[in-house]
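Please look over the sequence and structure below. A short briefing goes with them.

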Amino acid sequence: MVTTRGQSKRCDAEVLASAPPPYHSVIFVLLAGIVFVKCLPTLDQIDDVATIETLSSGLFVGPMALAIMRLLIAAFVIGVTVMRVMGPGFFPQPTYLKQSKLKSAPIRLVGLRSLSPFTLWYWVLLGLTF
């Protein structure tokens, strides 16, 4: 059970250490894998399918529209990143087990330090790849 402040309370219920994945998820992944593998070209067909025209042209839009969309996505990601760096930052406070000797104190993440969480690394990489 998690409180509103992010501190966990122990329940008397038994904690499940591990469990198999749900059956419906396993069946979906297997069926999707079979369908996608069936759609792949064979080694004999690969030279006919993988041409420069196929790989350099869009299915629905032209190259200029594709470039504009990619530029807009990159501008959005970079804009959000700049707002995150210039903003007030945030101060997460980790919680530890009662027997831990670590002190629970807020971590100051302001400026470039606000980009230190792992998920934000990939957000920045997403913007750079566009």
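Predicted model: local features only at pLDDT ≥ 70, side-chain atom pairs only at ≥ 80, totals over all residues.

Residues are numbered from 1 along each chain as its sequence is written, and side-chain values use heavy atoms, with hydrogens and water left out.

**Overall build**
- The protein has five helices and zero strands; both are DSSP runs numbered from the N terminus (helices H or I, at least four residues; strands E, at least two).
- Of its 130 residues, 8% are buried (under 20% relative accessible area, 1.4 Å probe, protein chains only; exposed is over 50%, partly exposed in between).
- The protein exposes about 11,900 Å², and carbon and sulfur atoms supply 70% of that area (Shrake-Rupley method, 1.4 Å probe; for residues, only the protein chains shown count as cover).

**Helix pair α4 and α5**
- Helix α4 spans 63–86, and α5 covers residues 118–129.
- Their axes come within 8 Å and cross at roughly 145° (lines fitted to C-alpha atoms over the stretch in contact; angles run from 0 to 180 degrees between N-to-C directions).
- Residues of α4 that meet α5 include R70, F76 and R84; on the α5 side, W123 and L126 are among them (contact means heavy atoms within 4.5 Å).

**Surface patch**
- L59, F60, V61, L66 and M69 make a nonpolar surface patch of about 570 Å².
- Patch residues have over 30% relative accessible area and no salt bridge; nonpolar side chains (Val, Leu, Ile, Met, Phe, Trp, Tyr) are joined within 5 Å, like charges within 9 Å.
- A salt bridge puts a Lys or Arg side-chain nitrogen within 4 Å of an Asp or Glu carboxyl oxygen.
- F60 lies in the loop between α3 (52–56) and α4.
- F60 is exposed, at 79% relative accessible area.
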